[in-house]
Every structure is written in C-alpha cells, then in structure tokens.
Amino acid sequence: PELWAKVLREAERAGLDRPPEEAISAMNALLAGSGIELAPPTPEQMEIAALLRLAGHKDIFDCLGFGCAESLSTDFLSEDEELRELVSRLRKDYHFNSRVLPLDYMI
C-alpha cells in the first residue's frame, strides 16, 4: 500500500488523471509474482499503529508497518529516521521487541 501511495502521489504531481500503465503493470507483477498476500491489520497492529501516530509520527503506513512487525516479532525496514528515533524512545515504556532498521542494514 505504501508503494502504491507513492506512485499515486507522483502521478498527482505530474498532473495525471490515472497512474501510468507501467506502474499498474509493475504493481500487478509484483503482487502476482512475489507471493505477497495482503491481510487486514489485527487489533494489536492497529493499537501499536495508533500509539505511534498519537506519539507524533505522521506516516500511517510506517505506523502500521511497525505494528505488523512488532506483532510478528520481526524487525521493520524503513529509511525514516524519525520513526527509528520514536520507536527507540518508546521501546522501554511499551516493551517493543522489534527494531526499525535502515534498508542498508540488509546489505
């Protein structure tokens, strides 16, 4: 969803009334060929997302992504330094086990 939101934002900036066919085709290929399955958020994920959002983080997709990672006991990849700092600051009070790692952590 976050990738699609970025595609739409760029289409809007370019003054398009619909996303480019290349973007639609690429998204379809990504979803069909990757084994990615979209699932509705769980109450736990929504609660964590709300906590981050109400603590000041503006990107709801990052909040939901971290909520998902935390509920699955895995780390979350994000280039958002503000999110990393917020999660680090809240870790002790909310007993977060997951970390927010930069993408180059995987390299």
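Here are a few worked exercises on a predicted model of a single chain.

**Exercise 1. Get your bearings: how many helices and strands does the chain have, and what pattern do they follow along the sequence?**

Start with the count: there are five helices and two strands. Now walk along the sequence, and you read off α-α-α-α-β-α-β. For the overall extent, the C-alpha trace covers about 45 × 30 × 30 Å along its principal axes. Finish with burial: 25% of the 107 residues count as buried.

**Exercise 2. Work out how helix H3 sits against helix H4: what is the crossing angle, and which hand does the crossing have?**

Take the distance step, where the axes of H3 (residues 43-54) and H4 (residues 60-71) come within 8 Å. Next comes the angle, which is roughly 135 degrees. An angle over 145 would count as roughly antiparallel, and 65 to 115 as roughly perpendicular. The H3/H4 value therefore makes the pair oblique. As for the hand, H3 passes H4 in a right-handed crossing.

**Exercise 3. Go through the salt bridges: how many does a search of the whole structure find?**

The search turns up four. Opposite charges on side chains can pair when the charged atoms come close.

- *Arg18 with Glu21.* The N to O distance is 3.1 Å. Arg18 has 47% relative accessibility, so it counts as partly exposed. Glu21 gets that label too, at 46%.
- *Asp75 with Arg99.* This N to O distance is 2.6 Å. Asp75 is in the loop between H4 and strand S1 (76-77), while Arg99 is in the loop between helix H5 (81-94) and S2, so the bridge ties together parts 24 residues apart in sequence. Asp75 is partly exposed at 29%, and so is Arg99 at 35%.
- *Glu81 with Arg84.* Here N to O is 2.6 Å. Both residues sit in helix H5, three residues apart, which means about one helical turn separates them.

**Exercise 4. Stay with that last pair: is Glu81 buried or partly exposed, and is Arg84 buried or partly exposed?**

Buried means under 20% relative accessible area. Arg84 comes in at 17%, so it counts as buried. Glu81, at 41%, is partly exposed.

**Exercise 5. Find the nonpolar surface patch: which residues form it?**

The members are Leu77, Leu103 and Tyr105, with about 280 Å² of accessible area together. To place Tyr105, look in the segment after strand S2 (100-101). Its relative accessible area is 46%, so Tyr105 is partly exposed.

Definitions and conventions
Residues numbered from 1 in each chain as written. Predicted model: local features only at pLDDT ≥ 70, side-chain atom pairs only at ≥ 80, totals over all residues. Heavy atoms only, no water. Patch = residues over 30% accessible without salt bridge, like charges linked within 9 Å, V, L, I, M, F, W, Y side chains within 5 Å. Areas by Shrake-Rupley, 256 points an atom, 1.4 Å probe, with all protein chains shown as cover. Salt bridge = Lys/Arg side-chain N within 4 Å of Asp/Glu carboxyl O. Helix = DSSP H or I, 4+ residues; strand = E, 2+ residues; numbered from the N terminus. Buried < 20%, exposed > 50% of the residue type's maximum accessible area, 1.4 Å probe, protein only. Axes fitted to C-alpha atoms, helices over the stretch in contact; angles between N-to-C directions. Parallel < 35°, antiparallel > 145°, perpendicular 65-115°, else oblique. Left-handed = near helix turned anticlockwise from the far one by under 90°.
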